[in-house]
Amino acid sequence: MRYQELSHWLSTVDEPLDPRPSLPGDADADVVIVGAGYTGLWTAYHLATADPSLRITVLEAEIAGYGASGRNGGWCSALFPTSLPALARRHGRDRALAMQRAMQETVREVGRVVAAEGIDCDWHQGGTVVLARSQAQLGRARAEVATAREHGLDPDDLVLLDAAEASARCAAEGVLGATYTPHCAVVHPAKLVRGLARAVERHGVRLHERTPVTAIRAGAAVTPYGTVRAPVVVRATEGYTPGLPGQRRAIAPVYSLMVATEPLPAQTWDRIGLAERETFSDHRHVIIYGQRTADGRLAFGGRGAPYHFGSRVSPAYDREPAVFRALRRVLGELFPVLGPEVPVSHTWGGPLGVARDWSASVGLDRATGLGWAGGYVGDGVGTSNLAGRTLADLIRGVDSDLTTLPWVNHRSPRWEPEPLRWLAVNAGLKVMFSADAAEARNGRPSRRAAAFSRLLGH
């Protein structure tokens with residue numbers, strides 16, 4: 001397999017992507033982690049730095065960063081898939097606010113580790129601007145800021161921009177306003193995950209690639225090359241979780257696809273903006289996301305690819321020509337300066353993980369020693385670091401502010417069996433697409449989309 005072809009990011013790392021040696025046979029460890037993406041590697045990193053005596057083994061089916069960690073949009077943000085109001089309803093205002101503050105601190109923590117470990121990943125904290133390009137979107141922007149204030153956040157966390165202020169940051173077509181938060185950094189995701197893999201090895205962690213795990217059970221991770229026995233086994237497999245025995249309905253893998261332009265000239269950037277390399281989106285229902293890369297490209301992605309029956313994951317699903325065409329069209333609508341044929345150099349995609357209640361979680365069953373983290377709904381670059389730090393405390397038996405956060409040991413319900421799962425996920429996607437189209441026509445907010453959002457507990 002040519003790993004460089006999986007994404008623009010993996011094609012531009014400054015190293016060969018040759019797999020590390022597979023597991024040579026049966027082994028023992030104190031902690032075995034399944035998956036060498038952000039979640040697994042952050043867990044290994046924070047365990048190893050907190051207690052260097054621990055014997056930690058990480059097992060990866062392909063190479064570090066093969067999955068979402070090497071293909072995502074490069075937002076290290078304070079976004080959490082469960083909204084602040086939903087968290088407050090379930091756990092109270094104080095605990096909801098503590099969760100949000102922990103996410104904000106996580107952005108700074110990732111930046112600290114990047115600097116401390118010398119990981120060259122184009123890190124820059126320029127914040128996020130989310131544009132409003134219709135009256136319906138502007139209404140949602142205003143409501144989001146009002147809700148933030150009600151739940152204890154202030155203008156230093158989230159602010160409403162008028163049209164001129166928004167355009168000064170991101171001069172997209174038809175901007176009426178925006179929200180802006182400083183709590184996001186742009187990053188080259190593959191450089192981050194590959195640098196993190198080298199960092200954990202420097203700290204004594206054993207990392208075996210091309211070692212697929214075929215079963216996880218209390219005290220062991222089983223592979224075709226041998227079994228790693230350990231009192232703690234951590235599942236860090238996100239969108240690939242349904243491939244494990246007994247996990248078919250734990251997580252729904254939903255595909256997100258991206259395009260990257262050729263490097264754009266300075267005069268084009270003068271018209272687009274993003275001078276602080278702000279990440280950007282807008283307040284539509286079907287998520288879009290973008291960034292200005294360090295080498296002057298627009299990397300732009302969005303949801304919209306179909307969910308595949310039976311939670312199947314396949315390299316064939318990484319590329320949906322219709323979705324790539326739609327992404328190019330939306331990018332051209334946002335920035336007409338790109339011309340009628342947006343100059344795209346790379347297209348790619350991959351699965352992310354969605355729990356049934358849209359709630360990310362992290363936890364450890366002390367009776368079995370089985371730990372897990374995931375269900376990030378595409379916001380995993382930062383959240384995975386918080387998960388890794390939390391698992392490090394849980395595994396070491398340390399009571400901390402992190403181990404009392406409301407997502408700890410949360411158990412999401414299982415997804416419905418097929419064909420209900422396929423019908424529900426794809427029907428929801430159609431609702432959001434139709435809502436965006438209706439709002440673009442008449443400017444009024446969609447009641448169907450609002451009802452669907454409430455159904456998800458947002």
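User: What is the accessible surface of the protein chain, and what share of it belongs to carbon and sulfur atoms?

Analyst: In this predicted model, the accessible surface of the protein chain comes to about 18200 Å². Carbon and sulfur atoms account for 53% of that area.

User: What makes the radius of gyration of the protein chain agree with that of a compact globule?

Analyst: A compact globule with 458 residues would have a radius of gyration near 23 Å, and the protein chain has 21 Å, so the value agrees with the rule. The C-alpha trace spans about 60 × 45 × 45 Å along its principal axes. Buried residues make up 59% of the 458 residues. The chain contains 12 helices and 20 strands, and of the contacts between residues at least 6 apart in sequence, 76% join residues at least 24 apart.

User: How far apart are the mean positions of the positive and negative charges?

Analyst: The mean positions of the 51 positive and 47 negative charges lie 6 Å apart.

User: Why is T181 called buried?

Analyst: Buried means under 20% relative accessible area. T181 has 17%, and is therefore buried. The residue lies in strand β7, which covers residues 177-181.

User: What makes the approach of the T181 side chain to the backbone of D157 a polar contact?

Analyst: A polar contact requires a pair of N or O atoms within 3.5 Å. Leaving aside neighbours within four places in sequence, T181 is in contact with G127, T128, D157 and L158.

User: Why is S77 called buried, and where is it placed?

Analyst: The relative accessible area of S77 is 4%, which is under 20%, so S77 is buried. Its place is in strand β4. A polar atom of the S77 side chain lies 3.1 Å from the backbone nitrogen of L79. Not counting residues up to four places away in sequence, S77 touches M103, V107, H183, C184 and G382.

User: Why is A61 called partly exposed?

Analyst: Partly exposed residues fall between the 20% limit for buried and the 50% limit for exposed. A61 has a relative accessible area of 38%, and is therefore partly exposed. A61 is in the loop between β3 (56-59) and β4 (75-77).

User: How do you know that A61 is in contact with residues beyond its neighbours in sequence?

Analyst: Contact means heavy atoms within 4.5 Å. With neighbours within four places left aside, A61 is in contact with R210, T211 and P212. A61 and T211 are 150 residues apart in sequence, yet their C-alpha atoms are 4.6 Å apart in space.

User: What is the phi of S311, and is the residue buried or exposed?

Analyst: Phi of S311 is near 55°, a positive value in a residue other than glycine. With a relative accessible area of 2%, under the 20% limit, S311 is therefore buried. S311 is found in the loop between β17 (298-302) and α9 (321-334).

User: What is the phi of W358, and where is this residue placed?

Analyst: W358 has a positive phi of about 60°, although it is not a glycine. Its place is in the loop between β18 (344-354) and β19 (361-365).

User: What is the omega of the cis peptide bond from E418 to P419?

Analyst: Omega of this cis bond from E418 to P419 is near 10°. P419 is found in the loop between α10 (380-396) and α11 (420-442).

Technical notes:
Residues numbered from 1 in each chain as written. Predicted model: local features only at pLDDT ≥ 70, side-chain atom pairs only at ≥ 80, totals over all residues. Heavy atoms only, no water. Helix = DSSP H or I, 4+ residues; strand = E, 2+ residues; numbered from the N terminus. Rg over C-alpha atoms; globule rule 2.2 N^0.38 Å. Buried < 20%, exposed > 50% of the residue type's maximum accessible area, 1.4 Å probe, protein only. Areas by Shrake-Rupley, 256 points an atom, 1.4 Å probe, with all protein chains shown as cover. Lys, Arg positive; Asp, Glu negative; His and termini not counted. Charge placed at Lys NZ, Arg CZ, Asp CG, Glu CD. Polar contact = N/O pair within 3.5 Å; in protein donor to acceptor, adjacent residues only side chain to side chain.
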